[in-house]
Amino acid sequence: MSDTVIRPAAPAPTAIVTGASRGLGRALAEALAGAGWIIVADGRTLQPGIAAEIPGVVPVPGDVTDSWHRGLLVETALETGRLDLLVNNAGILGPSPQPALAGYPLDALRGVFEVNLFAPLALTQLALPALRDHGGAVVNVSSDAAVGAYPGWGGYGAAKAAVEQMSNVLAAEEPKLRVWWVDPGDLRTQMHAEAFPGEDISDRPLPSTVTPAFLDLLARRPASGRVRL
């Protein structure tokens with residue numbers, strides 16, 4: 001009898017990707033699944049058929065501002081045996097066309113912060129124990145509007161600036177993890193179209209053009225910090 005010990009294969013790395021219905025989130029889900037990851041995909045308009053379109057994707061439709069839904073995302077990920085990556089990509093622009101701060105509706109601004117800042121932090125809090133177990137990573141999708149003063153971008157930019165500082169502090173508090181706040185650049189997405197209503201944005205690159213740089217980021221695992229894709 002052979003003395004060879006056959007061990008079960010380690011479970012595939014697992015990621016939660018929010019806002020995976022379209023745009024950058026869907027492109028990241030496709031790229032990660034193609035690289036052998038299991039993806040727990042979130043999205044308000046996410047269709048169950050995405051599982052057939054992208055093998056390796058487990059769809060969990062819902063609103064990331066819903067605490068029950070956030071819990072379900074983490075529970076679903078843990079059913080795979082591990083959680084290695086959280087991508088907080090879901091976000092909203094706010095009113096379109098975007099108003100100047102002098103007349104920005106405060107209720108709308110609260111909604112922008114709820115989706116872009118509070119929900120990602122709440123989901124991160126739930127995911128941290130499992131991420132710590134596997135030396136995982138948190139990616140918070142940001143924007144150049146977080147660091148530049150663009151007229152009309154005050155609400156969205158302020159929320160993303162808060163995301164960047166939240167990420168900065170999280171990186172200091174969780175030195176065993178990687179925390180990256182990632183600026184993907186201007187892409188041809190629905191959100192970008194909403195930012196420039198009536199304008200042709202076909203000159204912007206597709207979200208899939210930045211996924212190789214994203215996969216490279218995961219492979220290299222540089223120190224926590226701001227990353228421009």
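## A guided tour of the helices and loops

The helices α3 and α4 cross in a right-handed manner, a crossing being right-handed if the near helix is turned clockwise from the far one by less than a right angle, and left-handed if anticlockwise. Before you select anything, note that this is a predicted model, in which local features need pLDDT of at least 70 and side-chain atom pairs count only at pLDDT 80 or more, while totals for chains, interfaces and linings use all residues. Residues are numbered from 1 along each chain as its sequence is written, and side-chain values use heavy atoms, with hydrogens and water left out.

**First stop: α3 and α4.** Select residues 67-78, which form α3, and look at how this helix packs against α4 at an angle of about 30 degrees, with the two axes 10 Å apart. This angle makes α3 roughly parallel to α4, a term for angles under 35 degrees, whereas those over 145 are roughly antiparallel, 65 to 115 roughly perpendicular and the rest oblique. Axes here are lines fitted to C-alpha atoms, for helices over the stretch in contact, and angles run from 0 to 180 degrees between N-to-C directions. Helices (H or I, at least four residues) and strands (E, at least two) are DSSP runs, numbered from the N terminus. Now show the side chains at the contact (heavy atoms within 4.5 Å): α3 contributes Arg70, Gly71, Leu73, Val74 and Leu78, and α4 contributes Ala119, Ala122, Leu123, Leu126, Ala127 and Ala130.

Is Glu164 buried or exposed? Glu164 is buried, with a relative accessible area of 8%, where buried means under 20%, exposed over 50% and partly exposed in between (1.4 Å probe, protein chains only). Not counting residues up to four places away in sequence, Glu164 touches Ser142, Ser143, Ala146, Val147, Trp181 and Arg226.

Move to residues 211-220, the helix α7, where Thr211, Phe214, Leu217 and Leu218 are buried. If you look down the axis of α7, these buried residues fall within an arc of 110 degrees, so they line one face of the helix; the arc is that of the directions from the helix axis to the C-beta atoms. The face turned away from the buried side carries the exposed residues Pro212, Ala219 and Arg220. Show next the elements against which the buried residues of α7 pack, namely α1 (23-34), β4 (85-88), β5 (137-141), β6 (178-183) and β7 (225-228).

In the loop between α7 and β7, select Arg221, which has a positive phi of about 50 degrees although it is not a glycine; Arg221 is partly exposed, with a relative accessible area of 31%. Go then to the loop between β4 and α4, where Pro97 lies, and notice that the peptide bond from Ser96 to Pro97 is cis, with omega near 0 degrees. Finish at Ser21, in the loop between β1 (14-17) and α1, which is in contact with Arg26, Asp42, Gly43, Arg44, Thr45 and Leu46, leaving aside its neighbours within four places in sequence.
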